[in-house]
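The following report describes one protein chain for a reader who wants its contacts set out with their values. The sequence and the structure come first.

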Amino acid sequence: MPYEKLFKLKYDDNGYLESYKRNENEIQKEVDKLGFFVIVTSKEMTASEDMD
């Protein structure tokens, strides 16, 4: 499962999620990968026009 890297998951005998614990180190690694960009211009345009 994709969440098992970020959380320690505990299931009951029926396979239902019982509890979880955050893996703070792995979560921080993923957050560090996030970013953004800014374009500064005096021309009025929409986001889709900017991407063209």
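## Contacts and overall form

In this predicted model, Glu-18 and Lys-10 are joined by a salt bridge, with 3.7 Å between the closest N and O atoms. Glu-18 is partly exposed, its relative accessible area being 47%, and Lys-10 likewise counts as partly exposed, at 48% relative accessibility.

The count for the structure comes to 6 salt bridges. One of them brings together the side chains of Lys-5 and Glu-30, at 3.7 Å from N to O, and this pair links distant parts of the chain, since Lys-5 belongs to the segment before S1 whereas Glu-30 sits in helix H1 (residues 24-33), 25 residues apart. Glu-30 also forms a salt bridge with Lys-33, where the closest N and O atoms are 3.3 Å apart; here both partners lie in helix H1, 3 residues apart, which is about one turn of the helix. Beyond these pairs, a network of salt bridges links Lys-5, Glu-26, Lys-29, Glu-30 and Lys-33.

| Salt bridge | N to O distance |
|---|---|
| Glu-18 and Lys-10 | 3.7 Å |
| Lys-5 and Glu-30 | 3.7 Å |
| Glu-30 and Lys-33 | 3.3 Å |

How accessible are the residues named in the network? Lys-5 is partly exposed, with a relative accessible area of 46%, and Glu-30 also counts as partly exposed, at 29% relative accessibility. Lys-33, by contrast, counts as exposed because its relative accessibility of 61% is over the 50% cut-off.

A search of the whole structure finds 1 aromatic pair. The ring centres of Phe-7 and Tyr-20 are 5.7 Å apart and the ring planes stand at 85°, so the pair is edge-to-face. This pair, too, links distant parts of the chain, with Phe-7 in strand S1 and Tyr-20 in strand S2, 13 residues apart. Tyr-20 is itself exposed, with a relative accessible area of 55%.

Tyr-20 also takes part in a nonpolar patch on the surface, which it forms with Tyr-11 and Leu-17 and which has about 340 Å² of accessible area together. Tyr-11 lies in strand S1 (residues 7-11) and is partly exposed, with a relative accessible area of 36%.

Taken as a whole, the protein has 2 helices and 2 strands, and read along the sequence these follow the pattern β-β-α-α. The radius of gyration of the protein is 20 Å, well over the 10 Å that the globule rule gives for 52 residues, so the protein is more spread out than a compact globule. The C-alpha trace spans about 60 × 25 × 15 Å along its principal axes, and buried residues make up 4% of the 52 residues.

How confident is the prediction, and where is confidence lowest? The protein averages a pLDDT of 87, and 94% of the residues score at least 70. Confidence is highest in strand S2 (residues 17-22), at a mean of 96, and lowest in helix H2 (residues 47-51), at a mean of 75.

Note on methods. Residues numbered from 1 in each chain as written. Predicted model: local features only at pLDDT ≥ 70, side-chain atom pairs only at ≥ 80, totals over all residues. Heavy atoms only, no water. Patch = residues over 30% accessible without salt bridge, like charges linked within 9 Å, V, L, I, M, F, W, Y side chains within 5 Å. Areas by Shrake-Rupley, 256 points an atom, 1.4 Å probe, with all protein chains shown as cover. Salt bridge = Lys/Arg side-chain N within 4 Å of Asp/Glu carboxyl O. Helix = DSSP H or I, 4+ residues; strand = E, 2+ residues; numbered from the N terminus. Buried < 20%, exposed > 50% of the residue type's maximum accessible area, 1.4 Å probe, protein only. pLDDT = per-residue confidence, 0-100. Phe/Tyr/Trp six-rings, centres within 6.5 Å; stacked < 30°, edge-to-face > 60°. Rg over C-alpha atoms; globule rule 2.2 N^0.38 Å.
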